[in-house]
Amino acid sequence: MIFPCRIRGCRNHVLVLRFALFFAACFVAPIGEAMAQGTEASAPEEAGVTWFPAVPLQITAGVDLGYDDHVLGSNATTSASGQGSFSVRENLVLTYDRSSQGTDVHLTGVGSFTQFVNVGTNDKDVSLTLGFTHNFSTRLSFRADLFTAYQTEPNFQSNVGPENVRAPHFYTDAIFSVTYRWLPRVSTSTSYTFRPVKYEQTTPTTTTIGLAQNRVEHTFAEGLHFSLTARTGLVVEYRYLIVDYDSAPRDSTTHFALVGFDHHLTEHLQINVLGGSSFRSFKDDGNSIDPYAEVGINYQGSNHSLNWLTTYGVEQPTQTLAMGTTTFRTGLNATYRLTSRLNARAAVYYYNSDNQGSSGTTSAGLQDGLQVTLGLNYTINKRWAVNADYAYSAQFSSGATGGYSRNHYFAGVTYRY
């Protein structure tokens with residue numbers, strides 16, 4: 001199959017609409033079933049049954065007080081632009097979890113409003129995380145993973161935009177996949193990933209960022225998995241990436257040819273390795289062949305967990321003058337339940353990027369970024385909890401834009417409805 005190098009207009013809307021309709025049908029079915037069951041059970045009120053069915057919805061509200069020693073302003077592109085400020089943040093978290101008859105739905109919505117008192121700026125951040133799985137049979141299954149966010153803070157976890165600027169932006173990572181087991185040892189996975197990145201164009205700085213960064217990415221993938229043993233599997237995967245910028249002349253298509261394996265070292269520890277080459281073709285520049293690799297480590301214990309993902313390859317650039325950037329990126333998340341009431345968490349994200357100019361022959365500057373977050377949560381009772389957190393972020397650049405370092409301390413209280 002040959003895909004067009006650009007996808008626009010109704011083609012995008014038809015493709016996304018098909019996935020939306022399919023997902024909606026699968027999502028509404030278990031909810032409708034639950035409501036039907038609730039209606040049937042509401043008749044015998046004398047038995048003590050409530051009028052409303054049990055809904056696995058949890059609401060948590062909280063407030064944090066803190067101090068940030070380097071608040072980046074909307075025009076902050078150099079280390080001299082930031083200043084210290086006390087902060088107040090209100091949070092609201094909604095979680096929904098349901099599992100029934102081969103269908104699992106996990107939904108988390110987060111809304112927060114932060115006031116930086118000394119600099120007079122406010123942040124409004126909203127995010128939605130959805131995990132949906134439906135098993136049609138023992139062979140066929142469908143999975144949807146969605147993360148969408150409107151936020152102001154820079155993103156160190158993935159390739160979204162510049163990490164030295166606070167600017168309102170919207171982005172989504174939506175992955176839809178279908179897995180089919182053909183034989184006891186052989187299965188295939190077909191997936192589509194949709195990723196738009198949009199910056200608000202409300203100031204001269206954010207307008208410049210939007211002109212350079214606003215884009216839509218489409219990734220089509222086909223993978224073949226062969227179970228070599230009960231603990232080890234071999235993987236062959238092909239990916240096709242289409243990047244369509246709103247204004248910047250960086251439109252490109254990329255083919256990925258990858259091979260790898262997954263192995264369960266123990267019952268709780270798994271490693272995934274995938275590597276190969278990417279073949280990128282720019283509409284207005286040239287072609288390039290680059291290595292690509294990713295390594296994932298997952299550990300899930302009785303009272304602690306660890307997820308570590310490392311990638312190396314060409315990403316979309318965050319500098320205006322660059323056409324592409326060769327990036328080493330690694331991120332680690334860990335949790336540890338110290339006691340039945342006290343939980344600890346930590347996250348570390350680091351990246352190193354070499355921004356390439358026209359045709360990949362010149363360097364547009366090197367960048368390094370680091371973000372570390374630490375936190376403790378103490379549960380007082382089933383309703384109340386307190387937390388203390390620390391976040392450090394830094395960016396270093398050899399290009400025209402400056403770097404910075406930043407410390408943010410905050411503590412707060414939460415109430416669970």
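The buried residues of helix 2 pack against strand 7 (186–199), strand 8 (215–227) and strand 9 (232–245). This is a predicted model. Its average pLDDT is 84, and 81% of the residues score at least 70. A search of the whole structure finds 13 salt bridges.

**Helix 2**

- Helix 2 spans residues 204–213.
- Its buried residues are Thr205, Thr206, Ile209, Gly210, Ala212 and Gln213.
- In an α-helix, residues three or four places apart point the same way, because each turn takes 3.6 residues.
- The partners of this buried set are strand 7, strand 8 and strand 9.

**Salt bridges around glutamate 153**

- Side chains of opposite charge can pair when their charged atoms come close.
- Arginine 166 and glutamate 153 form a salt bridge through their side chains, at 3.3 Å from N to O.
- Both residues sit in the loop between strand 5 (140–151) and strand 6 (169–181), so this bridge ties together parts that are 13 residues apart in sequence.
- Arginine 166 counts as buried, because its relative accessibility is 3%.
- Glutamate 153 is partly exposed, with a relative accessible area of 23%.
- Glutamate 153 also meets arginine 406 in a salt bridge, at 2.8 Å from N to O.
- Arginine 406 is buried, at 7% relative accessible area.
- A network of salt bridges links Asp68, Asp123, Glu153, Arg166 and Arg406.

- Aspartate 173 and arginine 195 meet through their side chains in a salt bridge of 2.8 Å, N to O.
- Aspartate 173 belongs to strand 6 and arginine 195 to strand 7, so the pair ties together parts that are 22 residues apart in sequence.
- Aspartate 173 counts as partly exposed, at 22% relative accessibility.
- Arginine 195 counts as buried, at 10% relative accessibility.
- The cut-off explains the two labels: buried means under 20% relative accessible area.

- Strand 9 and strand 10 (residues 252–264) run antiparallel and are joined by twelve bridges.
- Valine 243 stands opposite serine 252, which is in strand 10.
- A hairpin of six residues connects strand 9 to strand 10.
- Strand 10 also pairs with strand 11 (residues 269–282), again in the antiparallel sense, over 13 bridges.
- Aspartate 262 faces asparagine 272 of strand 11 as its opposite residue.
- The hairpin from strand 10 to strand 11 runs through four residues.
- In a regular strand, side chains alternate between the two faces of the sheet.

**Threonine 152**

- Threonine 152 lies in the loop between strand 5 and strand 6.
- It is buried, with a relative accessible area of 8%.
- Threonine 152 and valine 165 are 13 residues apart in sequence, and their C-alpha atoms are 8.8 Å apart in space.
- Leaving aside neighbours within four places in sequence, threonine 152 contacts Asp123, Lys124, Asp125, Val165, Arg166, Ala167, Pro168 and His169.
- Among these contacts, Asp123 and Arg166 are also members of the salt-bridge network.

**Surface patch**

- Val55, Leu57, Leu92 and Leu94 form a nonpolar patch on the surface.
- Together they have about 350 Å² of accessible area.
- Leucine 92 is in strand 2 (residues 83–100).
- Leucine 92 is partly exposed, with a relative accessible area of 41%.

- Over residues 1–52, pLDDT stays under 50.
- The model has 47 contacts beyond four places in sequence for residues 1–52.
- Over residues 74–80, pLDDT also stays under 50.
- For residues 74–80 the model has 18 contacts beyond four places in sequence.
- Where pLDDT is low, the predicted coordinates should not be read in detail.

Terms used. Residues numbered from 1 in each chain as written. Predicted model: local features only at pLDDT ≥ 70, side-chain atom pairs only at ≥ 80, totals over all residues. Heavy atoms only, no water. Buried < 20%, exposed > 50% of the residue type's maximum accessible area, 1.4 Å probe, protein only. Helix = DSSP H or I, 4+ residues; strand = E, 2+ residues; numbered from the N terminus. Contact = heavy atoms within 4.5 Å. Salt bridge = Lys/Arg side-chain N within 4 Å of Asp/Glu carboxyl O. Pairing = 2+ DSSP bridges. Patch = residues over 30% accessible without salt bridge, like charges linked within 9 Å, V, L, I, M, F, W, Y side chains within 5 Å. Areas by Shrake-Rupley, 256 points an atom, 1.4 Å probe, with all protein chains shown as cover. pLDDT = per-residue confidence, 0-100.
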